[in-house]
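Please show me the structure. I am new to it and would like to ask about its rings and strands.

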Amino acid sequence: MPKGHIFVLSAPSGAGKTTLYKGIIKEIPKLKYSISHTTRPKRAGETNGRDYFFASVEKFKKLIKKKEFIEWAKVHDNYYGTSHSFIQKTINSGFDVVLDIDVQGALQMKKAYPGAVLIFIMAPSFKELKKRLVLRKKDSREVIKRRLCNAKKEVRYIKKYDYLIINDKVSQALRDLYSIITSRHLKVSGSVIKRFD
Ligand code: 5GP
């Protein structure tokens, strides 16, 4: 019986997911971030093995064949995948793990691990999401339009998630995430019942 829990975060681009997972990792010592494999080119400031394991399409396809991924998906024309062995090792050694993956991956994770907690993060409104994407000055107008269009598709999956965090103020959203993670440990389960038999 694994001792750690799996938390999956998904959000449209601009909802603040990266800030939240980086913040929560600092607050909860027994929580590790799952580093995905990807075929997308490395961005400035990213490090192989810290942000992602960067791989060629050929290597990625080999890893799929070797069943190295619990889930994988094509997102914005690039492949992304979650390492099976890393997740297993982490939860078996008593650590929780947090994944930052898209909606397709989240649903595959739930199938593989029904106990995984799916958390959707959203900005307070589409208007606010657009404002954030414009203000961060990272994307062209065309890309922002595409990201907003994707966001409208992604929110349709909220009902498949266990929790929704509205990221209005980061401090409150972090508290919400903290509560979800800590309450997962208080849930009555088979191992807890056995202890009092
Ligand atoms: P980015 O390239 O901007 O880092 O990530 C693009 C999208 O890919 C984000 O929605 C992110 O959550 C998703 N993603 C990152 N890693 C994985 C993964 O291992 N599996 C899946 N399904 N999606 C991922």
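Predicted model: local features only at pLDDT ≥ 70, side-chain atom pairs only at ≥ 80, totals over all residues.

Reader: How many aromatic pairs does the structure hold?
Author: Rings of Phe, Tyr and Trp (its six-membered ring) pair if their centres lie within 6.5 Å. Planes under 30 degrees apart count as stacked, over 60 as edge-to-face and the rest as tilted. By that rule, the number of aromatic pairs is seven.

Reader: Is the pair of F60 and Y79 stacked or tilted?
Author: The ring centres of F60 and Y79 are 5.4 Å apart. Their planes meet at 25°, so the pair is stacked.

Reader: How many residues apart in sequence are the parts that F60 and Y79 tie together?
Author: Helices (H or I, at least four residues) and strands (E, at least two) are DSSP runs, numbered from the N terminus. F60 lies in helix α2 (residues 57-65). Y79 lies in strand β6 (residues 78-83), so the pair ties together parts whose separation in sequence is 19 residues.

Reader: Is W72 buried or partly exposed?
Author: Buried means under 20% relative accessible area, exposed over 50%, and partly exposed in between (1.4 Å probe, protein chains only). Y79 has 13%, so Y79 is buried. W72 has 35% relative accessibility, so W72 counts as partly exposed.

Reader: Which residues form one aromatic cluster?
Author: W72 and Y79 form a tilted pair, 5.8 Å centre to centre with 55° between the planes. The cluster consists of F60, F69, W72 and Y79.

Reader: Which ring does the charged end of K32 sit over?
Author: A charge sits over a ring if NZ of Lys or CZ of Arg is within 6 Å of the ring centre and within 35 degrees of the ring normal. K152 lies over the face of F126, at 5.0 Å from the ring centre. For K32, the distance is 4.6 Å, and the ring is that of F95.

Reader: How many residues of strand β7 are buried?
Author: D96, V98 and D100 point one way from β7, and V97 and L99 the other way. All are buried. In β7 (residues 96-100), the buried count is five of five.

Key:
Residues numbered from 1 in each chain as written. Heavy atoms only, no water.
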